[in-house]
Amino acid sequence: MHIAVDQWRRLKSACVVAMLVGLTGCPNSEHHKQAISASPAEFRHTGDTPLAVFCTTGQVADMVRNIAGPHAEVVALMGPGIDPHQFRPKPSDVLRLRQADIVFYNGLHLEGRIAETLEKLGERKAVVAVTDGLVASDDPRLLKPTEFEGYYDPHVWHDVELWSSCVDYAAEQLAEFDPERADDYRANAKAYRQQLAELDAECRTMLKSIPKERRLLVTAHDAFCYFSKAYDLETIGLKGISTEDEADFEHLDEVRRTIVERKVPAVFVESSTSPRLVNQLIEECRAAGHEVHIGDELYSDAMGPAGSGAEYYSGMIRANVAAIADGLGGD
Ligand SMILES: [Zn+2]
């Protein structure tokens, strides 16, 4: 059984397409330039805190909360289940951003549809991409998949060590913006990086027991390339990467064959993508004599709801790692 071509077109809409649509400017130049505002020092804060800090995603907000401690009230614009590639700010969001003392965002074109708003905002206040330090140092861990047409893969937070590298950069930017409390920001960043190092070690331990042939992460979205590289898994996104519908069918066939051959026990649906394609794949594997089930839901681009534990970055990563270790037959 094949799914209809128009269904494929709809399913391809998530990450890559949204990212490329959200981009502006010439695709052949200045690919990696993303610093929107001048140095935060130019908009230096003087006086009392707490600072009003606005962040785009939950994971950026969680990072900044850990760095700023009691010196800031940090708000995330995008709540649980919100797709940052597709997020368009409402007038009330723009108003809130204008009222912020400083704004932090992921960068690497993750927030494609809010880029223009951030750019305008950067003319009059400090606006910081937490990944700018990685870009400035041309960090070799940054991935540039061919389907992103020369742009970096923005999903860096799924590699805990790489995300931890963004912490120091964000802390330095905050220290420049609010020098009176710079020592606190640097100390908090150091303590948070220590926590992240422990989290990273925990991830490695939990994933270690998955047998080699099963270390294959099949998801409906292509958000987990950094995760897979960091934790020694292969990854296949169910969405075809070609713009040709014909090639997408071939891709789905190849995924099915790989799952059956390697007896991969689980595939994963994510909080911000449609499970339809995954269900299709399960049926086809079953027809080929291999029983594959849907693993627990992964958090791809947004964090979990309040009370889930995954409303915190560390909880979100732990939930993903536990789901993957469970689903693929680890301990
Ligand atoms: Zn994404």
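Figure 1. Helices (H or I, at least four residues) and strands (E, at least two) are DSSP runs, numbered from the N terminus. This is a predicted model, where local features need pLDDT of at least 70, side-chain atom pairs count only at pLDDT 80 or more, and totals for chains, interfaces and linings use all residues. Residues are numbered from 1 along each chain as its sequence is written.

**Figure 2. Helix α3 (residues 58-68) packing with helix α7 (residues 160-177).** The two axes, lines fitted to C-alpha atoms over the stretch in contact, are 10 Å apart at an angle of about 60 degrees. Angles run from 0 to 180 degrees between N-to-C directions. Look for M63, V64, I67 and A68 in α3, which meet V167, A170, A171 and L174 in α7; contact means C-beta atoms within 7 Å. The residues of this contact are eight nonpolar, no polar and no charged (nonpolar: Ala, Val, Leu, Ile, Met, Phe, Trp, Tyr, Cys and Pro; charged: Asp, Glu, Lys and Arg; polar: the others, Gly among them).

**Figure 3. Helix α3 crossing helix α8 (residues 182-208).** These axes come within 7 Å and cross at roughly 120 degrees, so α3 and α8 are oblique to each other too. On the α3 side you can find N66, I67 and A68, and on the α8 side Y185, N188, A189 and Y192. Five of the contact residues are nonpolar, two are polar and none is charged.

Technical notes
Two residues are in contact if their C-beta atoms, placed from the backbone, lie within 7 Å. Angles under 35 degrees count as roughly parallel, over 145 as roughly antiparallel, 65 to 115 as roughly perpendicular and the rest as oblique.
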